[in-house]
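Please read them alongside the sequence and coordinates.

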Amino acid sequence: MAKNRLWILGFGLLVIVYGISQYFQQQRSNSFHSVLLDFVPKEVIKIDIHKAGNLPFSILRHDDRWLLTQQNVNEAAANEAVEDLLRRLRDIRTSALVSQQEAEWESFGLGPKQGILLCLHFAEDEPSCVRIGRYTYSAEEKSVQAYTRLEYQKEVFTINGLALSMFSGDLSAFRRNQLLHSEAFTDSLKLYFGLDTLLMIRNRQNQLSLNQQDPGDSLLWMNYLQQLNDLKGQYFADDINELSMDSLRYWQLTIYQGDDSLLLDCYRDTSRQDPYLLHSQQFKGTWISSDSAGLHAQLIQPWLKWINHHD
């Protein structure tokens, strides 16, 4: 019995010694894993984001959705993008302490006017703010690391850079760029373009006619119909006066689907760098800008080609 007790005590002592040695080894190597931001996503009521060189913006919780606000932007945010960011932030762990010197902040891209400053606000607790600096690749560990620090602390840590690889700090990452979305069968299209009115009809056998004539390249038109079911833009137009847009209407496309219809308007403002503005009644808060070779060209060129061929 005494021998068993001695054996147990000896084994316990070895475990303690091993644990202490591992602790000091970890301290010497500066390698550890600790929570970067300790928070519960559902308790976040506001997110402030300021990327160096850009205007700051905020994302506000409103019941079960998020709202974007910036100088010229007040609209619904893409909820899935916001929730994904919060999940990633919650799961991030620091991997090493690399500096405790304020003088070295700029070398890591973490100076007061560098990187991306992100603040989480709560109803009762103080905000949690973190600054994300430059990224670095470790050939030895074959990993991408990002430098970061809590805004009101001096310590600089590394974190898994891949966890935030999708986070650019740009407003556009949280905006809805959808112009049209439908899974219904399109029966016909009607385009008003200047003095021209063009009507394309598609039957259930996918036979097409344009103004009661053969439209030509059927594959081109079938791809055209397909893209209208999920039409997205790339560049947003924010500095516009919606009340004055009617006088700038350039063309209008109506998409008929059974008893429903979708309306897409194009406006032309030659005073803008990207003069074409696209807007649909389906997503009223989204205004997309385009130059002559972008989304506008994809939407109008097949029609212009047909018009020029039949002049």
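1. Serine 188 counts as buried because its relative accessibility is 13%, where buried means under 20% relative accessible area, exposed over 50%, and partly exposed in between (1.4 Å probe, protein chains only). Serine 188 belongs to strand β12 (residues 188-193); helices (H or I, at least four residues) and strands (E, at least two) are DSSP runs, numbered from the N terminus. Neighbours within four places in sequence aside, serine 188 is in contact with Leu199, Met200, Ile201, Thr254, Ile255 and Tyr256, contact meaning heavy atoms within 4.5 Å.

2. On provenance: this is a predicted model, in which local features need pLDDT of at least 70 and side-chain atom pairs count only at pLDDT 80 or more, while totals for chains, interfaces and linings use all residues. Residues are numbered from 1 along each chain as its sequence is written, and side-chain values use heavy atoms, with hydrogens and water left out.

3. Overall content: the protein has 4 helices and 20 strands. Of its 311 residues, 40% count as buried. Taking contacts between residues at least 6 apart in sequence, 56% join residues at least 24 apart.

4. The search of the whole structure returns 1 disulfide, defined as a pair of cysteine sulfur atoms within 2.5 Å. The disulfide joins cysteine 119 to cysteine 129, with an S to S distance of 2.1 Å. Cysteine 119 sits in strand β7 (residues 116-122) and cysteine 129 in strand β8 (residues 128-138), 10 residues apart. The link is right-handed, with 115° about the S-S bond. Both cysteine 119 and cysteine 129 are buried. Cysteine 266 also counts as buried, because its relative accessibility is 0%.

5. Strand β2 (residues 44-51) gives the most to the lining, with 3 residues. The lining divides into 5 nonpolar, 7 polar and 3 charged residues; Ala, Val, Leu, Ile, Met, Phe, Trp, Tyr, Cys and Pro count as nonpolar, Asp, Glu, Lys and Arg as charged, and the others, Gly among them, as polar.

6. Asparagine 160 lies in strand β10 (residues 156-160) and is partly exposed, with a relative accessible area of 40%. Not counting residues up to four places away in sequence, asparagine 160 touches Arg93, Val144 and Gln145. A polar atom of the asparagine 160 side chain lies 3.0 Å from the backbone nitrogen of leucine 162.

7. Backbone check: most residues other than glycine have a negative phi. Aspartate 63 has a positive phi of about 60°; it is found in the loop between β3 (57-62) and β4 (65-69) and counts as exposed at 65% relative accessibility. Glutamine 212 has a positive phi of about 65°. Glutamine 212 is in the loop between β14 (208-210) and α3 (218-228), and counts as exposed at 78% relative accessibility.

Key:
Polar contact = N/O pair within 3.5 Å; in protein donor to acceptor, adjacent residues only side chain to side chain.
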